[in-house]
Amino acid sequence: MTSDRVERIYSIALRLYPKRFRNSYGSAMLQAFRDARADRSLSHGVVARTILKDLIVSLVKEHLAMLREAFGRPALLFNAFVLTGISTILALALYAIPQQVLRQGANDPQIAMATDLAVYLNQYGVTDGLSQGALTARGGGIVDMAKSLSPFLIVYDDKGRALGSTGQLDGQMPAPPQGVFDYVRAHGEERVSWQPILGTGHGVRIAAVVERVSGNQPGFVLAGRSLREVEVREAQVEHMAGLAWIGMLALILFGTVAFGWFARPKIA
Amino acid sequence: MDTRSDPGAPLTPAVFAILLSLAEGEKHGYLIMKDARAPEGGGVRLGPGTLYGSLDRMMRDGLVAESGMSDDERRRYYRLTAPGRRALAAELRRLDAAVKSARSLGLFPNGSRS
């Protein structure tokens with residue numbers, strides 16, 4: 001290879017260095033390269049190996065140094081960190097607020113139904129009240145909890161045994177966890193999300209309101225309905241909040257990179 | 001002023017070789033490369049990229065200063081600053097202590113325990 005061609009290849013390789021570095025030292029580097037090639041004490045092989053290794057190592061080093069200069073500024077990183085924190089809180093709020101509204105709203109029909117039936121049974125007692133058709137007057141047939149979104153009612157005696165219901169799962173009347181009845185005994189009412197463990201397990205989750213029936217024949221009234229539709233909406237909200245979060249992070253990343261690049265320190 | 005993040009830290013072979021070369025006086029890039037390559041200069045094979053990258057950072061750290069430039073900008077001359085001289089002295093003391101320790105352990109081929 002002729003001397004001119006080798007020099008031309010090296011001067012082309014110099015264009016790979018960051019602009020600031022190239023402008024400052026390009027000519028001096030090319031001169032050092034010429035001096036090395038002209039140095040009779042060095043073989044061409046040694047010069048070629050040294051220059052090649054130097055090109056690879058120093059190119060990586062100078063580009064990393066340039067990136068550090070552009071983006072490694074504490075103020076820039078702090079701003080990106082704060083914006084990431086704010087966007088994360090916003091995304092969490094975007095998810096948590098609608099999720100709570102949906103979940104609380106899922107209890108609305110059950111609250112009225114449970115209160116209405118509990119008031120009636122307070123007057124007549126759970127056994128007598130049921131025998132007088134308290135449930136048939138309030139339900140239009142048996143609700144299949146696994147499939148239907150309609151609300152249903154279940155009446156329990158004071159020991160938590162189901163006495164009657166307008167809803168069934170696998171032909172049975174499910175009971176909430178025992179702790180729920182203990183809580184209602186002490187506090188009068190409880191609202192729970194509960195997954196009945198019956199049959200083959202449909203994975204159906206119930207939003208339930210449990211109220212205490214006092215008087216001569218005490219017991220409990222449970223009004224519930226499947227959370228299936230609410231959970232679908234919650235999943236949509238989660239999906240949208242997740243997309244919004246990723247979008248905000250991408251925007252912050254883009255803004256930080258763009259700002260860091262245009263506002264990078266100019267060193268002559 | 002030496003503005004390195006850790007002024008007491010050992011110098012890299014390239015920085016040490018450059019400081020040692022400039023301790024003799026002002027020099028341009030290729031002369032520094034040549035001095036660094038010699039065993040007594042550190043035995044470091046510096047290429048132009050590593051040399052000027054190191055000089056750029058050393059100037060920012062205040063260890064060396066550019067003292068001149070040829071009209072065509074092909075040759076840039078550098079000199080040692082006072083902080084550079086102190087950094088070199090500190091490194092030489094560190095190496096001297098290490099050499100003394102190695103000598104006392106009989107690690108030199110022709111050396112003996114003192």
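What pattern does chain B follow when read along the sequence?

1. Chain B follows the pattern α-β-α-α-β-β-α. In total, chain B has four helices and three strands. The model is predicted, and the points below should be read with that in mind.

2. On confidence, the average pLDDT of chain B is 88, and 93% of the residues score at least 70. Within chain B, α1(B) has the highest confidence, at a mean of 95, while β2(B) has the lowest, at 90. For the complex, the predictor gives an ipTM of 0.84 and a pTM of 0.54.

3. The three strands of chain B form an open sheet, ordered β1-β3-β2, and their pairing is antiparallel. β1 (27–28) and β2 (64–69) of chain B each have a single partner strand and stand at the edges, so one side of each has no neighbour in the sheet. As background, strands of a sheet pair through backbone hydrogen bonds, and the pairing is either parallel or antiparallel.

4. One pairing in this sheet can be followed residue by residue. β2(B) and strand β3 (residues 76–80) of chain B run antiparallel and are joined by five bridges.

5. Helix α1 (residues 13–22) and helix α3 (residues 48–60) of chain B meet at an angle of about 80 degrees, and their axes are 10 Å apart. Angles of 65 to 115 degrees count as roughly perpendicular, which means that α1(B) is roughly perpendicular to α3(B).

6. Which residues in α1(B) and α3(B) meet? From α1(B) come A14(B), V15(B) and I18(B), and from α3(B) come T50(B), S54(B), L55(B) and M58(B). By class, this contact of α1(B) with α3(B) has five nonpolar residues, two polar residues and no charged residues.

7. For chain B as a whole, 36% of the 114 residues count as buried. Among contacts in chain B with a separation of 6 or more, 49% are between residues 24 or more positions apart.

8. How many residues does the contact take from chain A and from chain B? Chain A gives 19 residues and chain B gives 15 residues. On the side of chain A that touches chain B, the elements giving two or more residues are α2 (19–38) and α3 (44–71) of chain A. The largest share of that side, 10 residues, comes from α3(A). By class, the side of chain A that touches chain B has 10 nonpolar, four polar and five charged residues.

Conventions: Residues numbered from 1 in each chain as written. Chains lettered and ligands numbered in written order. Predicted model: local features only at pLDDT ≥ 70, side-chain atom pairs only at ≥ 80, totals over all residues. Pairing = 2+ DSSP bridges. Axes fitted to C-alpha atoms, helices over the stretch in contact; angles between N-to-C directions. Parallel < 35°, antiparallel > 145°, perpendicular 65-115°, else oblique. Contact = placed C-beta atoms within 7 Å. Nonpolar A, V, L, I, M, F, W, Y, C, P; charged D, E, K, R; others polar. pLDDT = per-residue confidence, 0-100. Buried ≥ 20, exposed ≤ 12 C-beta atoms within 10 Å, placed from the backbone.
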